[in-house]
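User: Please take a close look at the aromatic pairs in this model and the nonpolar core. Cut-offs included, please.

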Amino acid sequence: MKKVLFAIVFTFCLFAVHGDSKIMDIENIPIQVNDIFSGQGFTLKLDNNRYFVLREYYGSGVDVACRILYDVNLVSDYQIDFDKINHMSSKQNVEDDKFILRIENDEVELFINGLQIEIVNKIELVNTLKCINKSY
């Protein structure tokens, strides 16, 4: 009886930690962050059964000043890491940043070099994820 109770509690805790959303639910949805210039965007993309993250630096005179493509390391259904610039990227000589993108309790979190970055369109992302979860 104790084993059954333990299994039920463990399952409940497992699902309580993670909401229904998975990292792949934000595919093609831009994540916008502010910086000291015009801002940046990160978008998870799927191409030929491989995931990439497209990083765009927004410009004041142009919509996008620079695009960088990163290869994705899928850590779990809730987290990806990316730091290796894809060879097809338009720019090769950029800083050596390490990124973590994760979903926890239906909220998207972005970390650059271990620091959590404030996401500008966080409410829009949460609402999108809730709509996706209702459709399941």
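Analyst: Here is a look at the aromatic pairs and the core.

This is a predicted model, where local features need pLDDT of at least 70, side-chain atom pairs count only at pLDDT 80 or more, and totals for chains, interfaces and linings use all residues. Residues are numbered from 1 along each chain as its sequence is written, and side-chain values use heavy atoms, with hydrogens and water left out.

The structure holds five aromatic pairs. Rings of Phe, Tyr and Trp (its six-membered ring) pair if their centres lie within 6.5 Å; planes under 30 degrees apart are stacked, over 60 edge-to-face, the rest tilted. Phe42 and Phe82 form a tilted pair, 6.4 Å centre to centre with 55° between the planes. Phe42 lies in strand 2 and Phe82 in strand 6, so the pair ties together parts 40 residues apart in sequence. Strands here are DSSP runs (E, at least two residues), numbered from the N terminus.

Phe42 also pairs with Phe99. Their centres are 5.5 Å apart and the planes sit at 55°, so this pair is tilted. Phe99 lies in strand 7, so the link to Phe42 spans 57 residues in sequence. Ring pairs join Phe42, Tyr70, Phe82 and Phe99 into a cluster.

Phe42 is buried at 2% relative accessibility. Phe99 is buried, at 2%. Buried means under 20% relative accessible area (1.4 Å probe, protein chains only).

The largest nonpolar core has 24 residues; Phe42 and Phe82 are among those touching the most other members. Such a core is a set of buried Ala, Val, Leu, Ile, Met, Phe, Trp, Tyr and Cys residues joined through side-chain atoms within 4.5 Å.

Technical notes
Buried means under 20% relative accessible area, exposed over 50%, partly exposed in between (1.4 Å probe, protein chains only). Helices (H or I, at least four residues) and strands (E, at least two) are DSSP runs, numbered from the N terminus.
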